[in-house]
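Colleague: I would like to learn how to read the features of a model like this one. Please take them one at a time.

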Amino acid sequence: MKAPSPSVVAALPQYDLGAQIGHGGMGVVYSAVHRPLGRPVAIKRLPGILAEDRRMSERFEHEARLLARLDHPHIVPVYDYVQNNGEHLLVMEKLDGGTVWSRFTEVGFTPAQTCALGLAMLSGLHAAHGAGVLHLDVKPKNLLFTAGGVLKVADFGISQVVSEGATLMTHGGQVLGTPAYLSPEQALGNPLSPAADVYGAATVLYELLSGRLPFDSGGGPLAMIQRHVHQEPRPLTDVPAPLARVVMRGVEREPVRRYRNAETFAIDLAGAAAEVFGADWLMRVGTPVHLSPQVAAASSRPATGSVIPRETLNIPVRGTMVEATPPVRLGQQTLVPARDLIDGQEPRPARWFGLAAALLAAVMVALPFSLPASDVPVLAVDLSKPVVVPVADGVTSAEFDIWAAGFSVARTAGVVADGRATFELPGAARWVVGGAVDAAVTTNTGVTEYSLQPPQNPMISIMGVGSGVLLLFTFAYLESLLRSLRRRQSGTAAVVASAPLGFGLGVAVLVLPSVLLRVAPGLWPAVACGVLGASAAVCTAVATRRAAASRASAAAGT
Amino acid sequence: MSGVGLLLLCGMLLGVSPAVAAVGGVSINATVDGKPVTGDELLLDPSGSARISLTIHNGTDRVLHVKTVRLSGTALALTFFSYDTTLPFDVPGGESVTRGFVLDLDQLGSQATGLLPTELAVLDASRDVIAGVETTGDVRGSVWSVYGIFGLAVLLLTALAWAGALFALARRRLPANRWQRAMQFLPAGIGTGLVAVISLSVLGVMAPSPAAEIPFIVVAAAAALLLGYLTPHPAPAAPVDPEATQRLTRPLPPGGAA
């Protein structure tokens with residue numbers, strides 16, 4: 001744990017500052033003790049990106065005064081606000097009971113507990129709204145517990161004054177907030193109202209009740225908030241319908257379609273909870289909640305009069321941590337939790353796959369050089385000019401076929417005269433053919449095969465350049481996949497993708513030497529090299545994946 | 001493949017140059033070492049000299065004052081050799097005049113090699129072209145000529161462009177945007193097309209001309225763009241903690257539909 005910087009110590013002469021106890025996007029929190037009173041406190045240092053913005057720091061000062069006047073059992077009390085030497089420091093009550101997020105991911109909450117916590121959260125938010133302050137960063141990590149289990153809304157670090165009708169846009173055209181809980185109007189920089197906090201609170205309830213967020217959280221922050229702006233949230237399934245209706249109204253995209261304020265949201269939530277869990281649900285849950293009279297009345301009065309048996313609702317919903325924990329990186333490596341390695345299977349050895357890959361690759365490279373020489377006659381002609389082939393007496397019609405690696409390049413009928421057949425080839429043939437290709441002259445008397453070898457430089461052709469580019473491209477692409485496997489950034493998909501790339505590499509390994517050596521590439525050698533290449537690539541990918549798993553396992557063991 | 005062939009065929013057909021040119025009623029016929037200068041290839045051997053004979057036909061009613069005869073070769077809009085010979089003579093209106101001279105091509109070997117579009121032109125005192133005849137010069141020069149080195153330089157730059165793009169692919173350093181990845185391969189494709197054009201010229205297969213260059217360069221560039229487009233995303237998106245408060249870029253201007 002880091003000690004506070006000298007500037008923080010200098011700004012708070014009446015406090016004994018302890019170690020850093022928290023860190024987030026909105027600043028660092030230190031433990032401290034107010035020396036004259038001996039009271040333990042938490043000191044939050046506002047982050048530099050906000051502190052250096054003069055308008056923002058002035059707002060903080062103004063809002064700190066408002067927050068200091070907030071006296072509500074579900075809001076973390078602010079004892080002091082210090083602005084000194086560029087430091088902006090909030091002195092708050094120290095809460096030792098953890099956060100809603102930590103408990104959600106460790107033990108989880110039953111739906112009834114979630115509703116009780118939701119009422120406490122909404123009670124605190126409504127009090128803040130009544131004082132003219134919007135929180136705007138409502139999320140499980142900003143809901144803290146005292147040692148006695150009382151929930152308190154904390155971290156008004158980016159809160160706004162309602163009366164100003166302000167937006168939360170910085171001068172750089174950016175907005176502040178937490179992507180998963182950001183309301184659409186906050187994301188767009190539009191004027192804000194208590195409905196923005198209703199959205200955040202409803203998102204928290206959605207998550208605590210279902211174990212997931214209303215929207216996918218992949219693709220980066222921008223993609224996440226765009227979903228909030230443009231898409232409808234996923235329906236809340238596996239949650240009692242009365243609760244789902246209330247929560248889904250809270251995450252409506254249009255602010256006017258949400259609850260007008262936290263109080264009306266709390267009344268409906270309390271009524272739905274009473275309908276689902278029974279009139280005495282809040283007493284049985286045992287979570288300390290301070291409610292307004294209207295909400296307290298609703299909590300003991302089922303919204304529709306009927307009650308769903310509560311025995312089916314006692315299973316805690318727990319955060320899976322999948323969406324919340326970003327991959328941890330050490331250099332280029334992505335670290336995985338040790339338990340994943342300890343609980344999982346032993347990393348399987350990679351050496352057999354490595355050996356197989358080396359063997360297959362060696363055969364693939366050797367194959368083009370070990371093919372038997374063709375014994376068909378060579379036809380060395382310039383394809384930019386008409387091709388003249390001698391034919392036997394009695395031949396009246398002739399057709400010329402050219403193919404490379406089994407694919408037809410050209411087919412043309414010829415003119416037979418004076419014991420010769422003359423063929424005008426398509427212009428493309430001149431540029432496609434490089435080195436040697438198979439050719440055949442089919443006449444009314446039979447078929448004669450040739451090895452067609454244009455005299456031009458074999459690399460001045462699509463076969464020459466194309467096979468070279470294909471070889472380099474597939475090789476680089478495969479190396480790219482292997483790197484992702486070595487860094488454990490991808491898994492089976494990369495292994496599967498390596499197969500077609502290996503096939504392309506194998507074909508290029510056959511065609512390129514064939515072009516240079518002026519040996520016509522055949523279909524089956526090309527297929528054989530492709531299969532060898534695909535097999536070698538897959539074996540290499542599997543070996544790389546296993547080797548990476550072994551390294552990670554070894555690192556976890558140490 | 002047929003589309004590629006069609007483009008190449010267009011380039012070949014359109015690449016044929018006129019052998020005799022007429023400017024404002026003035027035409028020119030020429031022979032080099034007794035061989036008529038036509039659309040066929042004109043052998044230019046740097047080891048010797050060329051005897052050039054010109055016949056100017058003046059179809060106008062005014063006298064033409066010829067001052068200079070120019071033999072020049074261009075490729076990719078760049079002039080790689082140019083020989084100016086001062087040969088003053090007049091061509092009366094409605095008449096034809098023939099003149100001959102010997103041109104020493106000693107330095108040609110160090111300036112160009114291969115097939116190049118070549119022009120033999122007569123110029124007036126203000127160096128404006130009176131008339132000219134175009135052909136394809138078959139220069140038997142050195143690979144280390146200016147044109148040869150130009151081709152090697154383009155080849156080197158193209159190899160570097162490919163190496164850069166492929167190393168970036170192998171090292172997963174390509175941009176995250178697919179179109180930007182495609183654009184990173186584009187210079188390599190254009191370079192490949194240029195190398196093909198110059199190689200065909202140097203190897204004496206085909207002289208460069210705009211109609212022949214464009215299909216080669218466009219096809220090679222398109223192929224490289226396609227390869228770049230097919231490259232994989234370099235790395236997974238930066239890890240995002242949906243629980244962390246962040247400074248975020250607005251997806252739309254204020255007032256956008258919420």
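Colleague: How many helices and strands does chain B have?

Modeller: This is a predicted model, in which local features need pLDDT of at least 70, side-chain atom pairs count only at pLDDT 80 or more, and totals for chains, interfaces and linings use all residues. Residues are numbered from 1 along each chain as its sequence is written, while chains are lettered from A and ligands numbered from 1 in the order in which they are written. Helices (H or I, at least four residues) and strands (E, at least two) are DSSP runs, numbered from the N terminus. On that basis chain B has 4 helices and 11 strands, and chain A has 18 helices and 20 strands.

Colleague: What percentage of the residues in each chain is buried?

Modeller: A residue is buried if 20 or more other C-beta atoms lie within 10 Å of its own, exposed if 12 or fewer, and partly exposed in between, with C-beta atoms placed from the backbone. Buried residues are 39% of the 258 residues in chain B and 47% of the 558 residues in chain A.

Colleague: Is A:Arg545 buried or exposed?

Modeller: A:Arg545 is buried, because 24 other C-beta atoms lie within 10 Å. This residue belongs to helix α18 (residues 523-557) of chain A. Two residues are in contact if their C-beta atoms, placed from the backbone, lie within 7 Å. Leaving out residues up to four places away in sequence, A:Arg545 touches A:Leu485, A:Gly491 and A:Val495. Of these, A:Gly491 is 54 residues from A:Arg545 in sequence, and the C-alpha to C-alpha distance is 7.2 Å.

Colleague: Which residues is B:Val146 in contact with, leaving aside neighbours within four places in sequence?

Modeller: The contacts of B:Val146 are B:Phe80, B:Gln111 and B:Ala112. B:Val146 is in helix α2 (residues 146-170) of chain B and counts as partly exposed, because it has 16 C-beta neighbours inside 10 Å. B:Ala112 is 34 residues from B:Val146 in sequence, with 5.9 Å between their C-alpha atoms. For the whole of chain B, 74% of the contacts with a separation of 6 or more join residues 24 or more positions apart. In chain A, 70% of the contacts between residues at least 6 apart in sequence join residues at least 24 apart.

Colleague: At what angle do helices α3 and α4 of chain B pack?

Modeller: Axes are lines fitted to C-alpha atoms, for helices over the stretch in contact, and angles run from 0 to 180 degrees between N-to-C directions. Helix α3 (residues 178-202) and helix α4 (residues 210-230) of chain B pack at about 150°, with their axes 6 Å apart. That makes α3(B) roughly antiparallel to α4(B); angles under 35 degrees count as roughly parallel, over 145 as roughly antiparallel, 65 to 115 as roughly perpendicular and the rest as oblique. Their contact has 20 nonpolar, 5 polar and 3 charged residues. Here Ala, Val, Leu, Ile, Met, Phe, Trp, Tyr, Cys and Pro count as nonpolar, Asp, Glu, Lys and Arg as charged, and the others, Gly among them, as polar.

Colleague: What is the strand order in the open sheet of 5 strands in chain B?

Modeller: Strands of a sheet pair through backbone hydrogen bonds, either parallel or antiparallel. Two strands pair if DSSP finds at least two bridges between them. The order is β4-β10-β9-β6-β7 (chain B), with mixed pairing. β4 (41-44) and β7 (78-91) of chain B are at the edges with a single partner strand each, so one side of each has no neighbour in the sheet. Neighbouring strands of this sheet are turned by 30° against each other on average, direction ignored. β4(B) pairs with strand β10 (residues 129-139) of chain B in the parallel sense over 4 bridges, and B:Leu42 has B:Gly137 as its bridge partner in β10(B).

Colleague: Which residues form the covered face of strand β15 of chain A?

Modeller: In a regular strand the side chains alternate between the two faces of the sheet. In β15 (residues 398-404) of chain A, the covered face has A:Ala398, A:Phe400, A:Ile402 and A:Ala404, and the uncovered one A:Glu399, A:Asp401 and A:Trp403. β15(A) pairs antiparallel over 6 bridges with strand β19 (residues 437-443) of chain A, where A:Ile402 stands opposite A:Ala439. Another 6 bridges join β15(A) to the antiparallel strand β16 (residues 407-413) of chain A, where A:Ile402 stands opposite A:Ala410. β15(A) and β16(A) form a hairpin with 2 residues between them, and A:Ala405 in the turn has a positive phi of about 50°.
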